[in-house]
Amino acid sequence: MAAEKLRDLSQPIDVPILDATVSAFYGTGSKDERTAADQILRELQNNPDMWLQVVHILQNSQNLNTKFFALQVLEGVIKYRWNALPVEQRDGMKNYISDVIVQLSSNEASFRRERLYVNKLNIILVQILKHEWPARWRSFIPDLVSAAKASETICENCMAILKLLSEEVFDFSRGEMTQQKIKELKQSLNSEFQLIHELCLYVLSASQRTELIRATLATLHAFLSWIPLGYIFESILLETLLKLFPVASYRNLTLQCLTESILPPGTNIPDAYANGTGEEQAHIRVLESTSDNKAVQLMGLEYLIGISYVDDTEVFKVCLDYWNSLVLELFEANHSLDNPAAAVSAMGLQVPLFSGMVDGGSQISQRRQLYAGPMSKLRMLMICRMAKPEEVLIVEDENGNIVRETLKDNDVLVQYKIMRETLIYLAHLDHEDTEQQMLKKLNKQLNGEDWSWNNLNTLCWAIGSISGSMMEEQENRFLVMVIRDLLNLCEITKGKDNKAVIASNIMYVVGQYPKFLRAHWKFLKTVVNKLFEFMHETHPGVQNKMAYCLFKTPRPRKGDPILDEKAHALNFKDSLVVVPYCGDSNVVDRDDEFVVVVMGLVPLVVVIVFQKKKSFLVVVEDLQFHIHHSNVTYMNEVFFQDMACDTFLKIVQKCKRKFVIVQVGEHEPFVSELLTGLKNTVGDLEPHQIHTFYESVSQMIQAESDPQKRDEYLQRLMELPNQKWAEIIGQARLSVDFLKDQDVIKTVLNILQTNTSVATSLGTYFLSQISLIFLDMLNVYRMYSELISSSIAGGGPFASKTSYVKLLRSVKRETLKLIETFLDKAEEQPQIGKQFVPPMMDPVLGDYARNLPDARESEVLSLFATIINKYKRVMIEDVPRIFEAIFECTLEMITKNFEDYPEHRLKFFSLLRAIATHCFPALICLSSQQLKLVMDSIIWAFRHTERNIAETGLNLLLEMLKNFQTSEFCNQFHRTYFVTIEQEIFAVLTDTFHKPGFKLHVLVLQHLFCLVDSGSLTEPLWDASTVPYPYPNNTTFVQEYTIKLLGSSFPNMTTTEVSLFVKGLFDSRNDLPTFKNHIRDFLVQSKEFSAQDNKDLYAEEAAAQRERERQRMLTIPGLIAPSELQDEMVDS
């Protein structure tokens, strides 16, 4: 009964009942009570007439939560329906909110008591201002300033309102308001800032009230980033701030204001300096103008260096940001002097501080000299605290295979990139000092004064980070001394652990200097032979200084013991939990038979205690947690050989030519020598390490230009896996059951993975090897597929999760991966396609069609997408068969929901896109029912909330539209699908879940609107049987249809607003940037994207900025590491 009374909004709402409902929702009552209250409040919030009750509720309710509920309703109306309200209602609400704010803030007691309520009212007022000011409320700023003078509490609240307004206009406006509205508000604030400036100065000079002064400083800080500089330097503002600075309660806020005054973020300093007054220019130079100021500045830098050594990550990050900006500024000024051409080319980028004011090289040299001392100490700081370049984990995937994961997106790596960039700039400022600092630090390792694993690691990471920044001769000299000292350190240091640390650092350093290795063959050969020695070393990897326990377990929930803060640096990735442990461990005494102790390096210890058939317990300090024993699948440490194999691959990728030519003093190429001893070299490696090794050797073979030698090297390389393959196939011919043994399956998988590694490097040159095993491989594929199908058919859905079926599927997937890798890497030779594609049709395509959904491999889809992308129109005749085998059965799998078969989804649409791009004539031959299926699947794809799938669907749609525009079926296709496509694109365009697709949404709409009067369409788009009157042309039809579509979808927008938007679309359709901005404004105006993170709407511009930054980095030697550049091989 009470609920029904609330729902009746034809009379004033019963506020006590509403208070009770809100209290029930926020209270501790039963779940049913909260659910019922929630439902009533949602209904009220969605009722379009509810906002008319807001004033009544605010006047009569004593419950703060109820008032907030009413204001939330009002905020929704202001955002989405304000301009549609009658003028008298808008004015009434505006005046009421203003009066309540003044009433509450005029009294000290009520202002403090109702502070949260007043803050919410302030936000509501600013939301109204965004619509009303300046056009319909021109007197707002004068009225506000006048009210502020009435009392100090009103003044304090006025400052809060001004701060909110500044933030809304200058900080949060993009994506919230149209560009015209933003421009209008900024101009209004600028023109009326004189009144605000005078008010702030008056308060800061005359008031003694702490809260008011703090509020004024906070407001001033919000304004200082954009106000004209004259308000700062041509007034008493700076003097006033300096007077307030010594007062503890104002110090932080005053410092923020002073910081903004000195260098507002985003300021173009050269322009500000060139256009500024003499006082402004003097202010910029003030810190370097006198010896006293210089001394104070240098002292400040000394303090900051000391602070940077504090063992607190967050403190260091703040310091690092400052050091990076300071060093960049010094480098740019120095670089522009040394290299004027580079300075000119960088004019599009923001020019750094001081560079515009320097007049002549002598002043730059003086500044360089001024900062020489602090910069030298900063180099040592960067060396001592250098972050780790990357983290590599050895893990087991869901199929039981050992795989490597490189963690590229974490805080440590971001910190490393900033530190590396800073050190590169420092190296360019003074190469000699950088070299001396590093060698000095290394010498302290040698004499034992500074020896520790951490010190050596950070030093070697720093040495590796400056690769490419020096002139070649200097770099060679420096690296020779570094390697010599590291080798000496390895000789004189006792202990296997210590030697392993040094060796891993030697491997890291040499891997970062490929130029040096290319130029010094004997050293290169020595390094590679040393790596081969390390490949026999079974010592646990100590480069990471971390012991890992890897296990499968359900994702931990908040509150689980595993999230205890004492378990350091927990990292969750899907269901795999990687737990590094620190600290001493207290082993619980259990049955020794089930105790496994995994020792890390001191002080890292992991203790795992197994209890048979129950659980296992991990004890780290006093932290304990249980995981079911059945979930444990794999436990391993990062092995030393992994780093040796990785370094070998990095070196070969950059120096491969050196290994296939006969060097001076040698009788055969190194690759030949290596292949002779191959069996011994890989004897101690794990399978995944052997794959990396084979990939490395294949890189060498690929560099051999003589086809005969290349084939000979390949044959020798593959001798071991081919022998094993021949044995297995021979046994299988005697008895097929031989292939069912799990150990045999694992061996087959390992052989295929080895082949894939080699194919990755060799491409076309792998032809002779794959031809040798191809047909037998397809037979194994067919047999394993039958085994999988029979297992799933007999064992039900859970059979696909068994380890045996997973292993069989791994072989199938690796087979497909091997074929795809070879065809993708091979050159475009039609005879290769003719040789390999026809035999795959039944074993692969037929198998896919016949299989149960759970047994279908998504790699089949990506394989045929690769084949079509590679051989293009040659595949047109095969498309019907591909379509028949794949299309409908896959569509049934993926369209039931948005979750099942995620891998099949993306690969299916990638295959469709390949067909649409390269074999479009085959699509035209489809029946109308089949084409409708294709179009429905495309629409389904770009509706998907998974970004990759949606983008693939949109790209596919664009391909289809472009191809149909030039085909003979243009009229027929667009008459059927034009309206549907436009409707669906507008649906996802205005859906916040699909913001990442904004760029492609715009391109599709632009294509459609350009198409209607391009001449390609010669028949009407509308159906004459359903449209009551004919349109003069397609343009008029599309305009009217679009207005109706958007008008019905956005009732908060007037017909005039929608019509202007549609007219703007057609007017700007040939100018993409204008067209795009017009749509952005519409999304804001329609309020679909208000109060959202709208960076995806500007993703294209952000990508362009990143590319400009990369081009800038390429002009500075070393800023992009040599190992990351695709440089040409240089033989010396």
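Reader: How many disulfides does the count come to?

Author: This is a predicted model, where local features need pLDDT of at least 70, side-chain atom pairs count only at pLDDT 80 or more, and totals for chains, interfaces and linings use all residues. Residues are numbered from 1 along each chain as its sequence is written, and side-chain values use heavy atoms, leaving out hydrogens and water. A disulfide is a pair of cysteine sulfur atoms within 2.5 Å. By that rule, the number of disulfides is zero.

Reader: Is Cys 645 buried or exposed?

Author: Buried means under 20% relative accessible area, exposed means over 50%, and partly exposed lies in between (1.4 Å probe, protein chains only). Cys 645 has a relative accessible area of 2%, so Cys 645 is buried.

Reader: How does Cys 1010 count by relative accessibility?

Author: Take the percentage and place it in its class. Cys 1010 has 22% relative accessibility, so it counts as partly exposed.

Reader: At what angle do the axes of helix α38 and helix α39 cross?

Author: Helices (H or I, at least four residues) and strands (E, at least two) are DSSP runs, numbered from the N terminus. Two packed helices are described by the angle between their axes and the distance between the axes. Axes are lines fitted to C-alpha atoms, for helices over the stretch in contact, and angles run from 0 to 180 degrees between N-to-C directions. The axes of α38 (residues 767-795) and α39 (residues 803-825) come within 9 Å, and they cross at roughly 150°.

Reader: How are α38 and α39 arranged relative to each other?

Author: Angles under 35 degrees count as roughly parallel, over 145 as roughly antiparallel, 65 to 115 as roughly perpendicular and the rest as oblique. The crossing is at roughly 150°. Therefore α38 and α39 are roughly antiparallel.

Reader: How many residues of the contact of α38 with α39 are nonpolar?

Author: Ala, Val, Leu, Ile, Met, Phe, Trp, Tyr, Cys and Pro count as nonpolar, Asp, Glu, Lys and Arg as charged, and the others, Gly among them, as polar. The contact of α38 with α39 has three polar and two charged residues, and its nonpolar residues number 19.

Reader: Where is Leu 816 placed, and is it buried or exposed?

Author: Leu 816 is in helix α39. Its C-alpha atom is 9.9 Å from that of Leu 752, 64 residues apart along the chain. The relative accessible area of Leu 816 is 0%, so Leu 816 is buried.

Reader: How many aromatic pairs does the structure hold?

Author: Rings of Phe, Tyr and Trp (its six-membered ring) pair if their centres lie within 6.5 Å; planes under 30 degrees apart count as stacked, over 60 as edge-to-face and the rest as tilted. The aromatic pairs in the structure number 32.

Reader: How far apart in sequence are the parts tied together by Phe 1009 and Phe 1066?

Author: The ring centres of Phe 1009 and Phe 1066 are 4.8 Å apart with planes at 45°, so this pair is tilted. Phe 1009 is buried at 0% relative accessible area, and Phe 1066 is buried at 3%. Phe 1009 lies in helix α48 (residues 998-1011) and Phe 1066 in helix α50 (residues 1055-1067), so the pair ties together parts whose separation in sequence is 57 residues.

Reader: Which helix holds Phe 1082?

Author: Phe 1061 and Phe 1082 form a stacked pair, 4.0 Å centre to centre with 15° between the planes. Phe 1061 is buried at 3% relative accessible area, and Phe 1082 is buried at 0%. The pair links distant parts of the chain, 21 residues apart: Phe 1061 is in helix α50, and Phe 1082 is in helix α51 (residues 1072-1085).

Reader: What is the phi of Lys 872?

Author: Lys 872 lies in the loop between α41 (859-871) and α42 (879-894). Lys 872 is partly exposed, with a relative accessible area of 30%. Lys 872 is not a glycine, yet its phi is positive, at about 50°.

Reader: What is the omega of the peptide bond from Trp 133 to Pro 134?

Author: Pro 134 is in the loop between α8 (115-132) and α9 (140-148). The peptide bond from Trp 133 to Pro 134 is cis, with omega near 5°.

Reader: How far apart in space are Lys 1044 and Val 1058, C-alpha to C-alpha?

Author: Lys 1044 is in helix α49 (residues 1034-1049). Lys 1044 counts as exposed, at 54% relative accessibility. Lys 1044 and Val 1058 are 14 residues apart in sequence, and their C-alpha to C-alpha separation is 8.8 Å.
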